[in-house]
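Q: Please take a close look at one chain of this complex, at how its parts pack and how it meets its partner.

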Amino acid sequence: MEKKILGYVDGRLKESERLEVEKHLAACAGCRLRANEFRAVSGLLDELPMIEPSEAFDLRVHARVAAEPLKQSWWAWFTSSPRVAVAAAMLLLASVWVGTHSTNNQPQIAQEDIPVLENLDVLSSFDVLSELPPPVQADDGGQQQNPQM
Amino acid sequence: MLDVKAGDEQSFTLLLYRYRSPLVNFLYRMVRNREQAEDLAQEVFLRVYRAREDYVPSAKFTTWLFRIATNLALNSVRDTRYQRMEISLDAPVMLDAEDGEEKTLDVAEKHPNIEQHLVEETQKKMIRHAIEKLPEKQRAAVLLHKYQELDYGEIAKILQCSESALKSLLFRAYETLRVELAPLVAQHGK
């Protein structure tokens, strides 16, 4: 019953609960007295006046809000500053151009090497090579490759 | 709040206008210091502003708002519990004015009925002190229940307890107030 007395006093009980409490109060002098005292306490609490926030309150809140760092997404950062966006776009284009240019050079070097590789037969029957002194340290594989020596 | 979340600054001003007085009053009655109460209320609004983008309307806005305020108030009360000055019984009689300024009682003050005025002020002071003496959680429950008129479910969410535990908390608080204010209760009950 103690959990319902306050609800009964401030009128927050459901209809069925209110009727149940009223029925109990009619038979219980102690709870009836308690309900009256709680009603008196509630009335006393009503006597405290409200205070008004100071005149500078709103200004202070707005000042603190204005001092907050802006929380923006990276895309919002670009859209809010077109110069930065243009600079970033230029940088991106320059990076792409440099990247493309440097990769175009590599195949040219490879193509220049190909004729040398294609003439391996010429290189193997090159007389100057056969006149060279034998290697100081030759492994087995090297000996097999030079059976004449 | 959803308009504030969408970036509408004017809606934030409306929220401020709507809730500044209830918040400042609640916090003032929790911490019993006007300047501190206003600082805490500003902090509440700042936190609301910071959290606007992450706000999900899973509960009533007032529940969320007073949950922030209650947590700040409870932390503040606990931090300053041992720092608060005891009021000396030998100190000159002061009127604890509700406008936040402590006024020295001026007997020559022009008032239509000075005796009646004194009785009323003494009565208000007793009520304020009775509320102040409640344990913090009970005090918060009484203030949210009595002055903000929030329902039991909302208060339970703010104080992070069950509705049943909240009702027991409120019953104990009213019991304490009934005893502390016994002379006034007897008078008021007549």
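**A close look at chain B**

A: In this predicted model, chain B has an average pLDDT of 83, and 78% of its residues score at least 70. Over residues 87-105 of chain B, however, the pLDDT is below 50, although this stretch still has 19 contacts in the model beyond near neighbours in sequence. Where pLDDT is low, the predicted coordinates should not be read in detail. For the complex, the predictor gives an ipTM of 0.79 and a pTM of 0.67.

Two packed helices are described by the angle between their axes and the distance between the axes. The axes of α2(B) and α4(B), the latter covering residues 61-80, come within 10 Å and cross at roughly 25°. Angles under 35 degrees count as roughly parallel, and α2(B) and α4(B) are therefore roughly parallel to each other. The crossing in which α2(B) passes α4(B) is right-handed. On the α2(B) side, the contact is made by B:Tyr19, B:Leu23, B:Phe26, B:Leu27, B:Met30 and B:Val31, while α4(B) contributes B:Leu65, B:Ala69, B:Ala73, B:Ser76 and B:Val77. Sorted by class, the residues of this contact between α2(B) and α4(B) are 10 nonpolar, one polar and no charged.

Turning to the partner chain, 34 residues of chain B are in contact with 27 residues of chain A. The elements of chain B that give two or more residues to this side are α2 (9-31), α3 (34-50), α5 (114-133), α8 (163-180) and α9 (182-188). Of these, α8(B) gives the most, with eight residues. By class, the side of chain B that touches chain A has 14 nonpolar, nine polar and 11 charged residues.

Technical notes: Residues are numbered from 1 along each chain as its sequence is written. Chains are lettered from A and ligands numbered from 1 in the order in which they are written. This is a predicted model: local features need pLDDT of at least 70, side-chain atom pairs count only at pLDDT 80 or more; totals for chains, interfaces and linings use all residues. Two residues are in contact if their C-beta atoms, placed from the backbone, lie within 7 Å. Helices (H or I, at least four residues) and strands (E, at least two) are DSSP runs, numbered from the N terminus. Ala, Val, Leu, Ile, Met, Phe, Trp, Tyr, Cys and Pro count as nonpolar, Asp, Glu, Lys and Arg as charged, and the others, Gly among them, as polar. pLDDT is the predictor's confidence in each residue, from 0 to 100. Axes are lines fitted to C-alpha atoms, for helices over the stretch in contact, and angles run from 0 to 180 degrees between N-to-C directions. Angles under 35 degrees count as roughly parallel, over 145 as roughly antiparallel, 65 to 115 as roughly perpendicular and the rest as oblique. A crossing is left-handed if the near helix is turned anticlockwise from the far one by less than a right angle, and right-handed if clockwise.
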